[in-house]
Structures are given as C-alpha cells and as structure tokens.
Amino acid sequence: MKQSKISRRSFLLGLGAVSTAALLAACGEAASSAPASSAASSEAPASSASEVSAAPILTEDEFPVTDGSTACIPLMAQMMADTTGIDLEVAQSAVTTNTTAWAWRNLGLYGDTENGTRLIIAYEAPESVKEELKADGAPLEQKPIGRDALVFIVNENNPVKSLTRQQLKDIYAGKITNWKEVGGEDLAIVPFQRGEDSGSQTLFRKLLIQGSELMDPPTELAPAMGELVDSIAAYNNSANAIGFSVYYYIDQMYSQPGLRLLAVDGVTPSNDTIASESYPLCNEFYAAVRQDSGPDTPERKVYDWLSTDAGRACIQKSGYVAAQ
C-alpha cells in the first residue's frame with residue numbers, strides 16, 4: 001500500500017469510546033515540511049445516507065497518497081476503507097496527515113513528484129499558502145464536500161453560556177477584557193489563539209475577525225494542537241480562559257473533561273445547526289487534486305466518488321455534515 005506510515009495507532013484504536021461531548025483543540029500546527037502527524041476516529045450520526053453500501057473502486061495498493069487536516073482523519077480512513085474494501089481499523093492505522101497548511105503545500109508544490117501527495121481532504125488554506133500556490137502556478141481542482149464550524153470553548157465553571165459575534169470580536173481585539181462585561185464573573189479574560197498556519201486560525205480570521213483589529217496573544221498563550229484545550233481547562237485552575245477550534249474535532253476527536261461549547265448569537269453548535277447554517281460561523285471543507293490528474297488515476301476516481309451517493313454516505317457515517 002502506498003500510504004504506509006502509521007500515525008498514533010494506539011490512539012486511533014482507542015477512540016471508539018470517545019464521547020460526543022468531548023472538547024478539544026483545532027487543526028494542528030506545522031514548523032517544517034514534515035510535521036508530526038495526528039489521528040482520530042468518530043461516531044456516525046443516524047442517517048439514511050449512511051445505509052448506502054460502498055462497492056470498492058480501488059485495490060488497497062492503488063489508494064492514492066493522501067494528506068489533509070487533522071480534523072479530517074476519520075473521514076480519510078473511512079474513505080480508504082470504503083473505496084478499497086479493507087477493514088476500517090487497517091485504514092485508520094495507515095492514515096497520516098501533516099497540517100492544513102502543509103497538506104495544501106504538499107499537493108500543490110510537491111504533488112507531481114514520484115511519491116507526492118495526490119489527494120487532500122482539508123479545511124481552507126491560510127491566505128499565505130494560497131499566495132504560495134498562486135506564485136508557484138500550482139494548478140489545483142477543489143470542491144466542498146462537507147461543512148464544519150468555528151466554535152468557542154470555555155471552562156464548564158464559566159457562567160457565560162452564549163456570546164454574540166461582536167462580543168467575541170471585541171474579546172479578541174482586547175476591547176472586552178473581563179468576563180463581568182459579558183455577564184460573567186469578575187475575572188480577566190484569557191483568550192487563546194492558534195498559529196497562523198492552523199486551519200482553525202484561518203477560519204477564525206475569515207468567519208469572525210474579517211479584517212478587523214486582532215490583539216497579539218503572548219507566545220505562551222498560543223499552544224499547539226492538543227494543548228489548547230488542556231490549557232483552557234487548567235489555566236490558573238479557574239474559569240477565565242476561552243479558545244476556539246472546529247466543531248467536529250471538538251465534538252468527537254479529543255476528550256477533555258471540564259469544558260463546554262459556547263452558543264454564538266444564541267445558537268448552540270451541533271450537526272443540525274451546522275447543516276441548516278443557523279449556527280452563524282459555518283464553513284466548508286474540501287477535497288482537492290491536481291488539475292492534471294487524469295480520469296483514470298486513483299486520486300481522480302476517489303475525488304469523483306466523493307460526489308456520489310456512496311461518497312456522501314461515507315462523509316455522513318464518519319460523523320460529518322455533508323455539503324449540500
């Protein structure tokens with residue numbers, strides 16, 4: 001099989017028991033062209049589409065070299081299982097990713113090499129990476145295949161249950177600095193951010209900040225993936241921290257007691273409110289291939305398959321909201 005690296009196998013195999021109430025950090029950071037990989041599993045919501053059987057369209061060895069966002073790992077594993085007929089557990093052990101930014105780079109800048117990335121399942125690329133790909137002339141074809149959302153995490157002891165988009169913008173601009181200003185306790189707000197290359201920071205800037213003023217957090221308050229949620233839970237043993245991630249990762253891929261999601265503009269994030277887009281901070285995630293991928297190449301076959309009933313069923317049974 002082309003994709004042979006194993007990413008946190010023991011973590012993958014144990015994630016079946018993860019609660020859908022679990023909370024966590026968003027897409028990973030990258031410091032080099034070969035960042036550490038991550039992995040996870042998911043629960044499938046009830047859906048008639050999930051009953052569509054998937055007939056294999058590739059052999060195990062034909063499955064293309066794939067990269068993507070950390071939050072997309074369970075979908076990538078299910079795709080591999082459905083399109084090749086291998087056991088899901090075997091597919092989980094084979095899937096690796098870098099980060100959102102490096103997935104786009106690996107496809108656009110290096111996908112034409114012998115062992116290069118041929119297909120990615122990823123959240124939107126950071127603007128800096130879009131500029132890199134444009135400058136390099138990397139010809140990519142992409143389409144939305146699912147929908148996720150930017151969500152905000154607080155300590156469960158924080159009495160604030162909902163914030164407006166404007167309140168969140170003002171918190172991250174440094175204009176609102178105390179929870180008592182938004183109906184909470186008299187505690188200084190500690191707003192965690194992510195690195196600029198992370199998928200969640202890209203969505204944060206696009207969906208919430210939208211070019212407005214943004215404060216610079218202290219370095220120690222911008223932890224890497226897997227640390228943000230832990231930091232929010234443990235910061236000074238109090239309820240004054242806030243951070244953000246993507247819904248799917250928070251809801252299904254990393255367990256941390258003592259945290260909960262905020263409603264935004266009075267709407268609590270869920271698969272239903274994301275599907276209906278009544279939750280205000282929704283965004284698509286994508287499948288992408290190089291434009292020169294021929295119709296009979298494995299990556300093109302998988303890319304096209306994702307738009308079929310079987311492909312949509314794969315997305316939904318992995319626990320994601322399929323694109324409309």
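The questions and answers below go through a predicted model of one protein chain.

Visitor: How many helices and strands does the protein chain have?
Guide: This is a predicted model, and its chain has 324 residues, of which 56% are buried. The secondary structure of the chain comes to 12 helices and 10 strands.

Visitor: What share of the contacts with a separation of 6 or more is between residues 24 or more positions apart?
Guide: Contact here means heavy atoms within 4.5 Å. Among the contacts with a separation of 6 or more, residues 24 or more positions apart account for 80%.

Visitor: Is H4 roughly parallel or roughly antiparallel to H5?
Guide: Two packed helices are described by the angle between their axes and the distance between the axes. Helix H4 (residues 100-108) and helix H5 (residues 127-136) have axes 10 Å apart and an angle of about 10°. Angles under 35 degrees count as roughly parallel, so H4 is, relative to H5, roughly parallel.

Visitor: Which residues of H5 does H4 meet?
Guide: From H4 come Ala101, Trp104, Arg105 and Gly108. The residues of the contact of H4 with H5 divide into four nonpolar, one polar and three charged.

Visitor: How is H6 placed relative to H7?
Guide: Helix H6 (residues 165-172) and helix H7 (residues 199-209) pack with axes 10 Å apart, at an angle of about 125°. An angle from 65 to 115 degrees would count as roughly perpendicular, and one over 145 as roughly antiparallel. The angle of H6 to H7 therefore makes the pair oblique.

Visitor: How many charged residues are in the contact of H6 with H7?
Guide: H6 brings Arg165, Leu168, Lys169 and Tyr172, and H7 brings Phe204, Leu208 and Ile209. By class, five of these residues are nonpolar, none is polar, and the charged ones number two.

Visitor: With which residue does aspartate 265 form a salt bridge?
Guide: Side chains of opposite charge can pair when their charged atoms come close. Aspartate 265 lies in the loop between strand E8 (263-264) and helix H10 (271-276), and its partner lies in helix H6, 100 residues apart. With the closest N and O atoms 2.6 Å apart, that partner is arginine 165.

Visitor: Are aspartate 265 and arginine 165 buried, exposed or partly exposed?
Guide: Buried means under 20% relative accessible area, and exposed means over 50%. Aspartate 265 has 33% relative accessibility, and arginine 165 has 38%. Each therefore counts as partly exposed.

Visitor: In the salt bridge of aspartate 292 and arginine 290, which residue is buried?
Guide: The two side chains meet at 3.7 Å, N to O. Aspartate 292 is exposed because its relative accessibility is 56%. At a relative accessible area of 9%, the buried residue is arginine 290.

Visitor: Which residues are linked in a network of salt bridges?
Guide: The structure holds 11 salt bridges. One of them joins aspartate 186 and lysine 180, with closest N and O atoms 3.9 Å apart. The residues linked in a network are Glu124, Glu127, Lys130 and Lys206.

Visitor: What covers the buried residues of H11?
Guide: In helix H11 (residues 298-305), the buried residues are Glu299, Arg300, Val302, Tyr303 and Trp305. Their cover includes helix H2 (73-84), strand E2 (119-122), strand E3 (140-155), strand E9 (282-290) and helix H12 (309-317).

Conventions: Residues numbered from 1 in each chain as written. Predicted model: local features only at pLDDT ≥ 70, side-chain atom pairs only at ≥ 80, totals over all residues. Heavy atoms only, no water. Axes fitted to C-alpha atoms, helices over the stretch in contact; angles between N-to-C directions. Helix = DSSP H or I, 4+ residues; strand = E, 2+ residues; numbered from the N terminus. Nonpolar A, V, L, I, M, F, W, Y, C, P; charged D, E, K, R; others polar. Salt bridge = Lys/Arg side-chain N within 4 Å of Asp/Glu carboxyl O. Buried < 20%, exposed > 50% of the residue type's maximum accessible area, 1.4 Å probe, protein only.
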